[in-house]
Amino acid sequence: MGLYVFCFARADAAGSTSGRGLAEDSPLLARVHEDIAAICCEVPLHEWTGEAGEDHLKDLGWLGPRAMRHEEVIEQTMRASPVLPLRFGCLFSSAERLEELLRRERTRIKAFIEKAEHEEEWSLQGSVHLQACEEVLFTADPRTAKLPASPGARYLLEQKLRKDAARAAQVWLQEAQTTIAQALAGLVLARRVLRPPSHGPREPALEGAFHWALLVPRGAEEELVRRLGPLAEQLSAHGLHLSARGPWPAYNFAPRLGEEPGGTPEEQTHG
């Protein structure tokens with residue numbers, strides 16, 4: 001058996017650890033090293049390694065419930081202690097390997113947990129109806145009002161203006177992001193650029209414009225809403241829609257630890 005680790009927390013969080021781990025027959029555990037608790041559970045190593053492990057990681061039916069439980073356990077632990085969240089799939093081959101990491105990284109883990117008591121992560125996504133954005137810019141172009149009456153000449157010039165509007169929309173989207181960043185200046189402690197969201201068939205007209213992870217002071221939700229509210233209304237007139245969600249465990253700002261596998265911070269999303 002190996003150890004699947006969800007997060008690190010203060011040692012006193014170990015007393016509130018209860019419930020199941022990733023499976024019904026695998027209870028949550030807490031491995032305490034000095035003042036740090038690793039919130040974990042036992043898992044069969046063969047399910048996560050080798051060909052079986054690779055197959056499982058491609059199987060959404062197997063992966064989905066475990067990924068959801070991973071986030072649930074971290075959020076449950078957050079109610080007892082600030083945490084350093086680990087990425088999904090952080091596995092140790094033995095308790096000794098976990099202990100080695102805790103000895104080696106204790107200072108960094110402790111420092112992050114102390115900061116996490118005062119900070120939290122939010123997600124800010126921008127989705128654009130690009131056609132609507134281009135139409136607004138096309139209509140606002142003063143040349144549009146002067147299109148010639150002759151159908152042939154009008155068609156050719158209108159096509160040129162629409163191409164100009166498409167290029168202008170890309171510029172406008174970049175400027176909009178700058179405006180949003182300026183509006184949040186002084187509130188946001190750190191920002192990570194993530195992969196923009198993709199929209200399914202239910203919203204085919206929308207495209208992901210940007211996706212940011214924001215580190216803000218704990219309890220900043222009211223101020224975040226106050227700053228984004230007027231902007232969201234203004235930008236939506238151009239087809240850009242903002243969505244702020246949180247607070248989350250600070251996945252995208254956690255330090256890389258020696259034994260922690262996973263991708264780059266830009267690859268982490270919250271759906």
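You're looking at a predicted model, where local features need pLDDT of at least 70 and side-chain atom pairs count only at pLDDT 80 or more, while totals for chains, interfaces and linings use all residues. Residues are numbered from 1 along each chain as its sequence is written, and side-chain values use heavy atoms, leaving out hydrogens and water.

Start with the open sheet of four strands, ordered β7-β8-β6-β9 with antiparallel pairing. (Strands are DSSP runs of E, at least two residues, and helices are runs of H or I, at least four, numbered from the N terminus; two strands pair if DSSP finds at least two bridges between them.) At the edges sit β7 (190-194) and β9 (240-248), each pairing on one side only. β7 is joined to β8 (residues 206-217) by five bridges, and arginine 192 has alanine 213 in β8 as its bridge partner.

Now find helix α6 (residues 221-236), which lies across β6 (119-129) and β9 and runs at about 165° to β9. That angle is taken between N-to-C directions, from 0 to 180 degrees, with axes fitted to C-alpha atoms, for helices over the stretch in contact; contact means heavy atoms within 4.5 Å.

β6 turns up again at the largest cavity, where β4 (83-85), α3 (95-116) and β6 each give two or more residues to the lining. Among the lining residues are Phe112, Glu119 and Trp248. For a cavity, picture a 1 Å grid over the protein atoms alone, with points where a 1.4 Å probe fits but cannot get out; a pocket is an open set with protein on both sides within 12 Å along at least five of seven lines, and lining residues have an atom within 4 Å of a point.

Finally, look for the largest pocket, with Met1, Trp48 and Arg66 among the residues that line it.
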